[in-house]
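This report looks at selected features of one protein chain. Please keep the sequence and the 3D view open while reading.

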Amino acid sequence: MTPPEPRTTPFPLPRTRPSRVRVLRPAPTVDAGRHAPKRTVGDEVELSADVIRDGHEVLRAELRVKPPDGRWTTTPMDHVDAGSLGIRWAASVVVDRPGTWTWNVRAWADALASWRVELTRKVDGGQDHLSSELAEGAQLLTRCAARAGARDRPAIAAAAEVVGDADRPEPERIEAALDPDLAAMCDRHPDRSAAASLQQPVPLAVDPVLARFGAWYELFPRSWGGLAGVRRRLPALAELGFDVIYLPPISPIGLTKRKGRNNALEAGPDDPGSPWAIGDATGGHDAVHPELGTVADVEALTADARALGMEIALDLAIQCSADHPWLTEHPEGFQHRPDGTLKYAENPPKKYQDIYNVDFDCDDWQGLWAALRDVVLAWVDRGVRVFRVDNPHTKPLAFWEWLIAGVRAEHPETIFLAEAFTYRAMMQELGRLGFNQGYTYFTWK
């Protein structure tokens, strides 16, 4: 048998010494960290992870938490399965503001605590002649004194001298080594130089309390004399206990193929059309229908509602009438049939001849995403904090994940509700990728 040739290019060694501690299986997570689990402001959240190490050393762990636009804070962690394997550690935090929180776990082997455990076992076992063990402890205490602040350093250094003094009686040195006050001081100054953490911090999405529950009232501003009329109605709605006043689209309504009463294909001269047929020559999604009011009226309405403890929710419908400015400015952003005609929206047997869907697969999809982002941010700037999104399941999931994350990074109090004729798995995915609330008409399923 021919012996194998010697290796000429051995695989490389690690560049730095790996920690012998492992931090594993953080919780809570969603899809192994792909999405952030959700909580609401005021919740007390338990965060946990497994901590393991080879050998029998005493382990320590601490929770590190960073709130939105805040600094990292540290909290000691405790065993949550003490009495069994003791590998699960946990601590709780109260989330007091909306936005994306970040957390991690830092863990290490406590050399001093491990030494105290070993020394205690030997003393309890009746062993003597422990000068070697005491010399080791003195060395550890000296290093701890160097790490300690002015408050604890003198006492720890003095204990190190006693424990390491071979001329003193051994019982006196042991008593000093195992002094509980000394242990408490040393615990305040751990050696984290070989600490380990999770491979990456874990996100936690914190929503406003309104995302958990809210009583909604839907109204059409036209029925109340426009936005100014709705403002006058707000105190009565607040007295009834409503949290959210939901408005259908308040943008201009197209004229082409405008629907009449009861979905009639021919509109009468006084028929306003469907608010969901968005856009005419005066503006599109970010404009206000002149018969309803102005941008200033929107800002006044949202301010008045908030002063009464309510929010204004606006319908976000990604569709356009034939008269929307986007159809002439960006015709490439809409679906065309082979003969060049536009493809109006349908949900057979229903037909929506007055609206056209945008084409998320168009060549300028990035321009489309940016335009829709700017629409949402325009309404946010006017005080709208809640969006009821029309049929989000018919638009790319990646778009919603990008949009909601971007909006909430700057405006964490914003809430997105998904209204969808769809199946359970899709509703769950919409929730995972960022929607705060959702409902479907398929309740019987």
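## A tilted ring pair

The model is predicted. Phe 360 has a relative accessible area of 11%, so this residue is buried, the cut-off being under 20%. Phe 399 is also buried, because its relative accessible area is 0%.

The structure holds twelve aromatic pairs. Phe 360 and Phe 399 make up a tilted pair, because their ring centres are 5.3 Å apart and their planes meet at 55°. The label follows from the angle, since planes under 30 degrees apart count as stacked and those over 60 as edge-to-face.

## Two tryptophans in α9

Trp 365 and Trp 369 form an edge-to-face aromatic pair, with 5.1 Å from centre to centre and 70° between the planes. Both residues lie in helix α9, four residues apart, which is about one turn of the helix.

## The aromatic cluster and a charge over a ring

Ring pairs join a set of residues into a cluster. Its members are Phe 360, Trp 365, Trp 369, Phe 387, Phe 399, Trp 400, Trp 402, Phe 416 and Phe 435.

Another ring, that of Trp 379, has Arg 382 over its face, at 4.6 Å from the ring centre.

## Asp 364

Asp 364 is found in the loop between β16 and α9. With a relative accessible area of 36%, Asp 364 is partly exposed. Along the chain, Asp 364 and Ala 238 are 126 residues apart, and 44 Å separates their C-alpha atoms.

## The two sides of helix α4

Which residues of helix α4 (residues 170-177) are buried? They are Arg 173, Ile 174, Ala 176 and Ala 177. These residues lie on the same side of α4, because they cover an arc of only 160° around the axis.

On the face turned away from the buried side, α4 carries the exposed residues Pro 171 and Glu 175.

Note on methods: Residues numbered from 1 in each chain as written. Predicted model: local features only at pLDDT ≥ 70, side-chain atom pairs only at ≥ 80, totals over all residues. Heavy atoms only, no water. Buried < 20%, exposed > 50% of the residue type's maximum accessible area, 1.4 Å probe, protein only. Arc of directions from axis to C-beta. Phe/Tyr/Trp six-rings, centres within 6.5 Å; stacked < 30°, edge-to-face > 60°. Lys NZ or Arg CZ within 6 Å of the ring centre and 35° of its normal.
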